[in-house]
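I keep these entries for a reader who is new to the structure. Each one records what I looked up and what I found.

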Amino acid sequence: EKQKLLSQIEALKREVTLLKASNVPPPIQQKVTPNSQSPIDICISQMLNNEPYALIQFRSYQEKAQLLTSAEATKNQLVILPVLLFLQSSLTTEMFVRLLSKNFNTVTLLVDYFKKRKQYKEILHLYRVLNKPNEEAKLLIYLAYTSTDLETRKRYLDDVIAFCNGKENLQFFADQAKDQIALLDRQVPIEAHDSKMASTEPIYQRFPRNNIIGSTLNTTLEYCLFYHPNVSKEKLSSPIGIRESFGVSEKRYTYCSVRSRSNIGDWDAVKEIGLSKTKGIFSKTPQSPIGFEPFVTQIQVNRGPEELLLFFARLV
């Protein structure tokens, strides 16, 4: 056996000598196991474990599509978002849309990411390429209503009108934008006039006013019912003019009237509003389009006359 071992050792030495002489490196034995991971699996695992990773290694469309599928399978935003941003920057618009159009939740995640960073142009572009006109119109309206700069607000409203006007499913948004521009066109001169009069008119000194530019239709109507209740219909601050121009319903107008006149303590006006209508031509029983509970509530809140409170309480 000793001689046999010595022979094997000599044979191995000759083999090593031949290999060195030919300058050929010995073959590397690769381990192949059934559980070996693909580069995408390895990258996703690195992302999940907060280890360094390289998305740039995935270049073909097929690889990127599989990368997104694997990222979505983790249901981990910290994995999905970097992948989405990588795909957005490395794919053509058409290819990126093709991937996103299959998964609404992924689109929502990307939109939320842009919203948190106030990257609204990116969201508008995303909605446009994904052919989501309703979402695009809603975002334009949102940007208009939340903008504090008057010119910027008008520009967004003009964008809404240009984008939605004449489109059957979007006409509502265009009409809404037109109303908002018309309201701004009233608010600006009213504000300019009232701010000048604030230092001389007693009502503004007794009841300090707020800037109304950009406020809602309800707020504007109540403001005018409070400070300009009896001006002629032709004036921009006329409550009746606002009612007619914007199609304010009788219920809405009545409620705003009761609130504003109660807030200022004009109890004669409140009673007049409550008695302005009766149940019929030959009836003396008062009738109100909003009922009489709002009258009772406003009189209580503003500490109105007890006699008036009891009067309306009996009508409830």
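My notes below go from the nonpolar cores to one helix and then to the aromatic rings.

I am working with a predicted model, in which local features need pLDDT of at least 70, side-chain atom pairs count only at pLDDT 80 or more, and totals for chains, interfaces and linings use all residues. I number residues from 1 along each chain as its sequence is written, and side-chain values use heavy atoms, with hydrogens and water left out.

I looked first for nonpolar cores, meaning sets of buried Ala, Val, Leu, Ile, Met, Phe, Trp, Tyr and Cys residues joined through side-chain atoms within 4.5 Å; buried is under 20% relative accessible area, exposed over 50%, and partly exposed in between, with a 1.4 Å probe and protein chains only. The largest core has 52 residues, and Leu67, Leu110 and Cys164 are among those with the most contacts inside it. Its largest share, seven residues, comes from helix H4 (residues 77–90), where helices are DSSP runs of H or I with at least four residues, numbered from the N terminus. A second, separate core of 18 residues includes Ile190 and Phe207.

I then turned to helix H6 (residues 104–116), whose buried residues include Leu110 and Phe114. Just after H6, Lys118 takes a positive phi of about 55°.

Last, I searched for aromatic pairs (rings of Phe, Tyr and Trp, the latter by its six-membered ring, with centres within 6.5 Å; planes under 30 degrees apart are stacked, over 60 edge-to-face, the rest tilted), and the whole structure gave 11. The rings of Phe172 and Phe173 are 5.7 Å apart at their centres with planes at 70°, so I recorded the pair as edge-to-face. Phe172 is exposed at 57% relative accessibility, whereas Phe173 is buried at 11%.

How values were computed. Helix = DSSP H or I, 4+ residues; strand = E, 2+ residues; numbered from the N terminus.
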